[in-house]
Amino acid sequence: MSSIRVIISCCHTGPNPAPGLGLARSLKAGYPDSFLVGKDHSTQASGLHTEFFDEVWVARPWGELHLVDHRAQIIARLEELDGYYLPGSDLEARWLAEESHPRILIPGIDIFRRTAKPFEKVAEILPVRVPAFIGLDAGDREVYNFAVDHGWKVWAKGPVMDAYRVFNWTGIQQARHSLAACWGQQSFFLQKHITGTEVMLAFAAYQGHLLGTAVVDKRLVTSEGKCWSGEITTASPELLNAVALLVRELHWTGGGELELVKDEAGILWLIDWNYRFPAWIHGATIGGINLPALLIAAASGVQPVPPRCASRQFTRVVLEIPVLSSIPLPAPPPAARSTNVPSKLSASNPSGLPALMQRLFGPEGREATSQHSDRPARVARVDSAFAQAIREHVGPSLQTPARVFLPKIAEVGFRQAQAAAAMDLPVRLTPTYSVKTNPDRRLLVMARAHGLRAEVISTGEARWARELGFSLGETIYNGPVPLNPAELDGEELSAVFADSLESFHGLCDRGPGVAKTVGMRLNAFDTGSRFGLRLGSAYRFGIVANAIRDRLPRGVRFGVHSHLQSSVTGVAEWLAQARAFVEMASSLEFASGRPIQMLDLGGGWTSESFGPFLRDHLPGLVAHVHRRLPHVEDVVIEPGKAVCEQSHVLVSRILEIRRTDWIREVVADACLAEMPLAGYFPREVYLLTAGGNLHRLVDGFDRILGRVCMEHDILAGGLNIPPDAEVGDWLVFSHAGAYEASMRYTFGVGGFHE
Amino acid sequence: MNNGLVMKCVGNNGHGGASPRAAIEQAIVKLDGLRPTVIESHPGRCCLLAREWFCAQSRAHHEVSGLPAPWLRERWMWGPQHHPDYWCEVVERTTIDCSALAALTCESLRAIGEPVATVQMIEHFDPSTVQNWAHYWREHGGAYWLSGSTSYHVAVAVRALGSPGIRIWNPTVECFSEQRPLAGYGSIAAVRMLVDADSGLAPGGAFAWRGLHLRANDWNIVSL
């Protein structure tokens, strides 16, 4: 038998292949007479059926194995062969590292701990950066604001593997649920997505000595982002030296892979780190860098055949090969479970590797420590002003569920808007309060007192604002409902923006006197929004420009409006969209010959992002507007929820406390009728006990269920409800003062409130 | 005017028996008279509006994505077209050739203030591919842009960030040409950068590209 004998695990090769087959091909290239054992946990692991393995070993799926016995089997077989073991998955490597063996070529268990995600310690050594991140246990509102700050270009990641791209709060909740199902009570985090070119660096090291590296420049990727073809290149000397330093420091043995992204500025960001060779490893061998052979040579002292560069470029192919008669495929699944499209999981992991993940980290693994009462509740800071306000307003006499107005907190946002209007800007800034967000009389009075104008979407709202002191001359009317001026007694509005060309024609046909400024809402650039005039074709652009030129009455100012929710797009994307809007407006001004005198930028900021936006971005944006549209006299912003979402809290009482297997659920006397957007964005949740203790609830797996019989009536999740919570205690939900208030409805209380 | 499709090489080496360099020189002689597209304007308002819309879209896309060019390929398919081009016509078309696409790319980059120059290219394919293109173009002016196993193509040159050289952006297949092969099927055989005072690039000089120095306004054979 050959002197080189290696057991290679993880041999499935599909759209998301494991490295086993590539390792085997590389070792056969380096050691043509080597004896290779392909090991996997399903006869469906396709690489087992190839000619590169001299023997195959099919173990039971990970979910069925006695793990201690299986480790003993591996070691026994290794000693029998006098060979080496190369695992093909991070998870198996981590499991095996718990009891090291010199012939299992993997890093030591301490390395897994020292290089844990999100890799801050690794980044201290390598010339790379780690994308910004936040723990998913930091508090829902903090996590949400992190995602907004990064424009919802974020990933929810598990502690070792698993990553979900998320685009909204619902996505974060789903990802957290999926991660918890697999990993139990581990630390998860949300990390910023980096846009750029992927750089995948594979390396081999033995006892801290770097043996070689290879970099792949992907040319074609699968729908899962896996490399299908690419070119092998070399790492920069700086990166090479840093990797050498790192493996020396960690005393690394085995293969490894760094997954990096190079951004437009050339900065390298560390995205992932694998503790084994990548699946594309044989591509490097084709390119003349046989890393698996280098590793075996270092461990065995037997020199391989020198690698030959067949081509720097490689591609994968799909081949049909005979199935080995000794390991036939299993029977097909029952018809009821059969689908035309196999699940992603089963397609990528016929060996049931996720089961190993669950056994190591999931509910089974955490069984001994998952007793609810053993889990200490994390103490989150409660703002003292907020605590005082809650204690002032919440007490036994309060009939719940109740929405409670907090005037001192409400005033914060209005003061910010007022201060912004007073800034020294090249163009007048006109903050307007979006009445629809919450038409509460107290808020409108407060808005007016702070110098805001009113922004309305119906004549009903305009009349309501007028009743509360806003003249129509300080009211802006936006569609989509076409304005009927007769409903406003002929009084002139400050501005009216048409949502369609038909509406614009109608306004123009009425001549002067409808509003000082008549304008149009432009469709948010390239977003597919249902609102506004579309300028996506030259033909439409020409029609719109000609309508402005030919139909807008003389003596009436012209304005344009666009609106995107900053909380949905993130501030950076919102700013980019605002600048795109300015460019479209600039060309419309040129083509129509009518100067644009009012520019309405809309709003949609969260209460937390509004202040930083005003301070850090607004002055630059207004200056840009002034440069590109020099006739603009008014820049309008429309803060709605930014100024009022924290003006109210929703107070509810606990009706029941339920214990399930390892989480606690409470049923509240509030429901989606009082908090209709519960699933769309998070709020801070507080528990006020009868004894007067106020806790902010964060960092856990407990949840608050609404009172009605709707599956989706879940008011909050991801909380840790303290053991001293009792039926009758108060639950206080923040951020209940915007659409949560204006869109509330009556449900499940025995009749309609007329 | 290739569409970037990759096909397996068939038949002979595609040079008709001539040496690779001789085949390229032969192609240069044949294709030297081709001029890049200039999009014209009618005297009325139609072309003014069309061009203004195009520039607005270019600037807006640049603000949103940071990239001025990719939206063009999303909007226009590659294929044969009739010449000459007018702004009011080209914005209504769904299919344009590589020369028109390069002209639009130049306009798009100028709209955001980026220096840009047209780059004419001669590319290697094989007789089968060239014959197929000739048939495709039969109804649209014929095979005036094909020679032997080579084809004429138009791209644009932009400044390389962080270095004194240029990069060549191929708007038809949306990639930079720095990683394209210099030998074999689909390789670049020769390039001619057309640099004038409007390009924003210093006219008359030489431009570094892939370790070569390209002479402006002259054919440079780059094939290996």
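Mentor: Two residues are in contact if their C-beta atoms, placed from the backbone, lie within 7 Å. Please keep in mind that this is a predicted model.

Trainee: What percentage of the contacts in chain A with a separation of 6 or more comes from residues 24 or more positions apart?

Mentor: The contacts considered here are those in chain A with a separation of 6 or more. Among these contacts, the share from residues 24 or more positions apart is 68%.

Trainee: How many helices and how many strands does chain A have, and what percentage of its residues count as buried?

Mentor: Chain A has 23 helices and 30 strands. A residue is buried if 20 or more other C-beta atoms lie within 10 Å of its own. Of the 754 residues of chain A, the buried share is 47%.

Trainee: Which helix gives the largest share of the side of chain A that touches chain B?

Mentor: The contact draws on 15 residues of chain A and twelve residues of chain B. On the side of chain A, the elements giving two or more residues are α18 (538–551) and α20 (571–592). The largest share, nine residues, comes from α20(A).

Trainee: How do the residues on that side of chain A divide into nonpolar, polar and charged?

Mentor: The side in question is the one of chain A that touches chain B. Its residues comprise nine nonpolar, three polar and three charged.

Trainee: Why does α17(A) count as roughly parallel to α18(A)?

Mentor: The axes of α17 (residues 501–509) and α18 of chain A come within 11 Å. Angles under 35 degrees count as roughly parallel. The α17(A) and α18(A) axes cross at roughly 5°, so α17(A) is roughly parallel to α18(A).

Trainee: Which residues of α18(A) meet α17(A)?

Mentor: From α17(A), the residues taking part are Leu501(A), Phe504(A), His505(A) and Cys508(A). By class, the contact of the two helices has five nonpolar, one polar and one charged residues. On the α18(A) side, the residues are Val544(A), Ala547(A) and Arg551(A).

Trainee: How far apart do the C-alpha centres of domain 2 and domain 4 of chain A lie?

Mentor: The domain assignment places domain 2 at 132–192 and domain 4 at 407–644 of chain A. The C-alpha centres of these domains are separated by 35 Å.

Trainee: How many residues of domain 4 of chain A are in contact with domain 2 of chain A?

Mentor: Domain 2 of chain A contributes six residues to this contact. By class, its side has two nonpolar, three polar and one charged residues. From domain 4 of chain A, the number of residues in contact is nine.

Terms used: Residues are numbered from 1 along each chain as its sequence is written. Chains are lettered from A and ligands numbered from 1 in the order in which they are written. This is a predicted model: local features need pLDDT of at least 70, side-chain atom pairs count only at pLDDT 80 or more; totals for chains, interfaces and linings use all residues. Helices (H or I, at least four residues) and strands (E, at least two) are DSSP runs, numbered from the N terminus. A residue is buried if 20 or more other C-beta atoms lie within 10 Å of its own, exposed if 12 or fewer, and partly exposed in between; C-beta atoms are placed from the backbone. Ala, Val, Leu, Ile, Met, Phe, Trp, Tyr, Cys and Pro count as nonpolar, Asp, Glu, Lys and Arg as charged, and the others, Gly among them, as polar. Axes are lines fitted to C-alpha atoms, for helices over the stretch in contact, and angles run from 0 to 180 degrees between N-to-C directions. Angles under 35 degrees count as roughly parallel, over 145 as roughly antiparallel, 65 to 115 as roughly perpendicular and the rest as oblique. Domain bounds come from an automatic or database domain assignment.
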